[in-house]
Amino acid sequence: MASFPDSVNENYIGKAKFIGELLVPVAPFDQKSGREAWTVAFAPNGSYFAWSQGHRIVRLIPWAKCLKNFLIGHGGETTNALSPPYLSRQNSREGQVIPEADEPREHTIDCGDVVWGLAFGSSVPEKQSRCVNIEWHRFKFGQDQLLLATGLSNGRIKIWDVYTGNMVTVLRGHQNWVYCSAFSPDSSILCSVGAGKAVLLWNMDKLTMMRKLEGHHNDVVSCEFSPDGALLATASYDTRVIVWDPHKATVLLELGHLFPPPSPIFAGGANDRWVRSVSFSPDGRHIASITDDRLVRFWSIEERAPQAIGSLSSGLCCAFSAEGSVLAAGTRDGSVHFWECPRSVPSLQHISRMSLRRVMTSQQVETLAIPIPLHNFLTYKVI
């Protein structure tokens with residue numbers, strides 16, 4: 001069995017650049033089991049990086065604090081392209097960095113159970129609709145409510161207010177572990193995945209389940225919406241990443257990690273190509289996946305083979321930063337590794353498609369009086 005199709009020469013696949021890591025302090029009595037970083041996430045406004053450190057704990061760190069410690073670019077200096085405009089100013093006093101009153105602060109949340117999935121969302125006070133996309137809604141730190149969804153091993157999804165640490169609500173629908181959850185860009189939909197091939201979509205205005213997506217042959221362990229909300233990527237132990245149209249519950253693309261692909265009956269068993277995690281880049285064109293074959297893969301939705309790969313032992317989860325320049329990956333020992341992401345200039349057609357799909361569902365696009373080929377392009381039937 002191979003990790004790539006016969007038509008792909010592994011020697012021609014690019015190599016991803018490793019740029020740094022975060023380590024978990026380990027006490028002498030600490031056991032490796034229980035410290036796994038099962039999930040990592042970036043706040044949509046770039047203020048926080050969050051990861052589960054095991055033992056029910058989620059740690060939230062200001063992303064600026066992480067980014068300044070990583071040397072990205074040439075000559076040991078951080079490039080301007082990777083320095084996001086939202087980084088807060090900091091004061092120094094007696095050699096120590098003192099955050100201002102309105103800056104993100106490092107803290108932890110005790111979720112009361114093992115945390116399998118993390119997802120940031122936003123709820124604007126006195127408004128029913130939620131929107132975390134920076135292009136639409138200028139997120140104001142400390143004023144808009146920043147939500148965090150945590151999927152637990154008891155099948156429940158707890159929604160938290162990040163600033164206060166208070167629990168907002170609990171969603172019930174999974175029969176077993178909730179491995180991962182993800183908000184749509186406007187935070188109106190929450191996707192949660194878990195044991196038993198479960199892929200559930202939730203209406204966050206009504207706090208009810210919308211629909212269940214069926215297509216995987218094994219436990220589904222990761223999910224992520226595209227930046228325009230038109231696509232949903234899910235990763236499973238069946239060795240596949242499936243890209244869905246969440247509005248119509250249809251499969252648009254499959255990214256295989258084992259060739260030839262296993263039949264459904266064997267895809268439900270153990271193998272060394274279990275896909276542990278998937279993440280959508282903010283450019284809407286690239287996807288990252290983590291598998292048990294010790295590789296992190298960077299894909300383009302326009303191709304069936306990876307654009308770049310990196311070495312990662314015992315990887316469990318991954319997430320792109322808000323500006324798309326960095327990929328974070330959590331591991332079994334609780335540490336988090338970071339890579340500089342492959343980047344390219346998107347076409348004008350893709351930018352236009354994303355702009356339209358930010359405000360229109362697939363059903364709404366299909367009602368437009370336009371040629372069928374354009375319908376297919378705008379609904380990602382032709383990627």
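Strand β15 (residues 198-203) runs antiparallel to β16 and is joined to it by 4 bridges. Strands here are DSSP runs of E with at least two residues, helices are runs of H or I with at least four residues, and both are numbered from the N terminus. Two strands count as paired if DSSP finds at least two bridges between them. This is a predicted model, in which local features need pLDDT of at least 70 and side-chain atom pairs count only at pLDDT 80 or more, while totals for chains, interfaces and linings use all residues. Residues are numbered from 1 along each chain as its sequence is written, and side-chain values use heavy atoms, with hydrogens and water left out.

Ser192 has Leu200 in β15 as its bridge partner. The hairpin of β14 and β15 has 3 residues between the strands, and Gly196 takes a positive phi near 75° there.

These strands belong to an open sheet of 4 strands in the order β13-β14-β15-β16, with antiparallel pairing. The edges are β13 (178-183) and β16 (208-212); each has a single partner strand, so one side of each is left without a neighbour in the sheet. From one strand to the next the twist averages 25°, where axes are lines fitted to C-alpha atoms, for helices over the stretch in contact, and angles run from 0 to 180 degrees between N-to-C directions.

The burial of β15 can be read face by face. In a regular strand the side chains alternate between the two faces of the sheet. Ala198, Leu200 and Trp202 lie on one side of β15 and Val199, Leu201 and Asn203 on the other, and all are buried. Buried means under 20% relative accessible area, exposed means over 50%, and partly exposed lies in between (1.4 Å probe, protein chains only).

Ser192, in strand β14, is also buried, with a relative accessible area of 0%. A polar contact of 2.8 Å joins its side chain to that of Trp202. Such a contact is a pair of N or O atoms within 3.5 Å; within protein, one must be able to donate a hydrogen and the other to accept it, and residues adjacent in sequence count only if both atoms are side-chain atoms.

Most residues other than glycine have a negative phi, and most peptide bonds are trans. Ser187, in the loop between β13 and β14, has a positive phi near 60°. At 0% relative accessibility, Ser187 counts as buried. The peptide bond from Phe259 to Pro260 is cis, with omega near -5°. Pro260 is in the loop between β20 (250-256) and α2 (264-267).

Arg294 also has a positive phi, near 65°, but at 56% relative accessibility it counts as exposed. Arg294 sits in the loop between β22 (286-291) and β23 (295-300), and these strands form a hairpin with 3 residues between them. β22 and β23 pair in the antiparallel sense over 5 bridges, and Ser289 stands opposite Arg297 in β23. β23 also pairs with strand β24 (residues 308-311), antiparallel over 4 bridges, where Arg297 has Ile309 as its bridge partner. Both faces of β23 are covered: Leu295, Arg297 and Trp299 on one side, and Val296, Phe298 and Ser300 on the other, are all buried.

Of its 17 lining residues, the closest to its centre are Asp186, Asp228, Gly229, His247 and Arg358. On a 1 Å grid over the protein atoms alone, a pocket is an open set of points with protein on both sides within 12 Å along at least five of seven lines, and lining residues have an atom within 4 Å of a point. By class, the lining has 7 nonpolar, 6 polar and 4 charged residues. Ala, Val, Leu, Ile, Met, Phe, Trp, Tyr, Cys and Pro count as nonpolar, Asp, Glu, Lys and Arg as charged, and the others, Gly among them, as polar.

Methods:
On a 1 Å grid over the protein atoms alone, a cavity is a set of points where a 1.4 Å probe fits but cannot get out, and a pocket is an open set with protein on both sides within 12 Å along at least five of seven lines; lining residues have an atom within 4 Å of a point.
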